[in-house]
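Biologist: Please take a close look at a single part of this model. Keep it brisk, and give the cut-offs as you go.

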Amino acid sequence: MADTATDLLNELKDSLHVPLDVTDDDSLLTDYIYSAKAYLNNACNKDMSLDDRYKFIVIELATLYYQNRGILTTVKDFPYSLRVLINQIKI
């Protein structure tokens, strides 16, 4: 069974230690989830949603996007462990 948008949002909030009843950033977090999915599918040139690692990578990407938002943040690349997973899933 595929994860619903609410399931992914709740998992992302858990990853970020945001209480589920706090909804202030839900729209932003949902956008980050969609962006992470699009990034991963584009990087792999196909829909990767059936891969076991897909949800983990999407949550990690969305977490990274959220933690590095704002104009005072500079990120050069994804963490090595995340980059390795993305490269593995591309094969």
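Modeller: What follows covers Ile 57, then the core, then two helix pairs. The model is predicted, so local features need pLDDT of at least 70 and side-chain atom pairs count only at pLDDT 80 or more, while totals for chains, interfaces and linings use all residues. Residues are numbered from 1 along each chain as its sequence is written, and side-chain values use heavy atoms, with hydrogens and water left out.

Start with Ile 57. It lies in helix α3 (helices are DSSP runs of H or I, at least four residues, numbered from the N terminus). Ile 57 counts as buried because its relative accessibility is 0% (buried is under 20% relative accessible area, exposed over 50%, partly exposed in between, with a 1.4 Å probe and protein chains only). Set aside its neighbours within four places in sequence. Ile 57 then contacts Leu 40, Leu 82, Leu 85, Ile 86 and Ile 89 (contact means heavy atoms within 4.5 Å). Arg 83 is 26 residues from Ile 57 in sequence, and their C-alpha atoms are 9.5 Å apart.

Now the core. The largest nonpolar core has 24 residues (buried Ala, Val, Leu, Ile, Met, Phe, Trp, Tyr and Cys joined through side-chain atoms within 4.5 Å). Touching the most other members are Leu 12, Ile 33, Leu 40, Ile 57, Leu 61, Leu 82 and Ile 86. At least two residues of this core come from each of α1 (5–15), α2, α3 and α4 (80–90). The most, 8 residues, come from α3.

Next, α2 against α3. Helix α2 spans residues 26–44 and helix α3 residues 54–67. Their axes are 8 Å apart, at an angle of about 125° (axes are lines fitted to C-alpha atoms over the stretch in contact; angles run from 0 to 180 degrees between N-to-C directions). That makes α2 oblique to α3 (under 35 degrees is roughly parallel, over 145 roughly antiparallel, 65 to 115 roughly perpendicular, the rest oblique). Among the residues in this contact are Tyr 32, Ile 33 and Leu 40 of α2, and Ile 57, Val 58 and Leu 61 of α3. By class, this contact of α2 with α3 has 14 nonpolar, 2 polar and 1 charged residues.

Last, α2 against α4. Their axes come within 9 Å and cross at roughly 50°. The two helices are therefore oblique to each other. Tyr 39, Leu 40, Ala 43 and Cys 44 of α2 meet Arg 83, Ile 86, Ile 89 and Lys 90 of α4.

Methods: Ala, Val, Leu, Ile, Met, Phe, Trp, Tyr, Cys and Pro count as nonpolar, Asp, Glu, Lys and Arg as charged, and the others, Gly among them, as polar.
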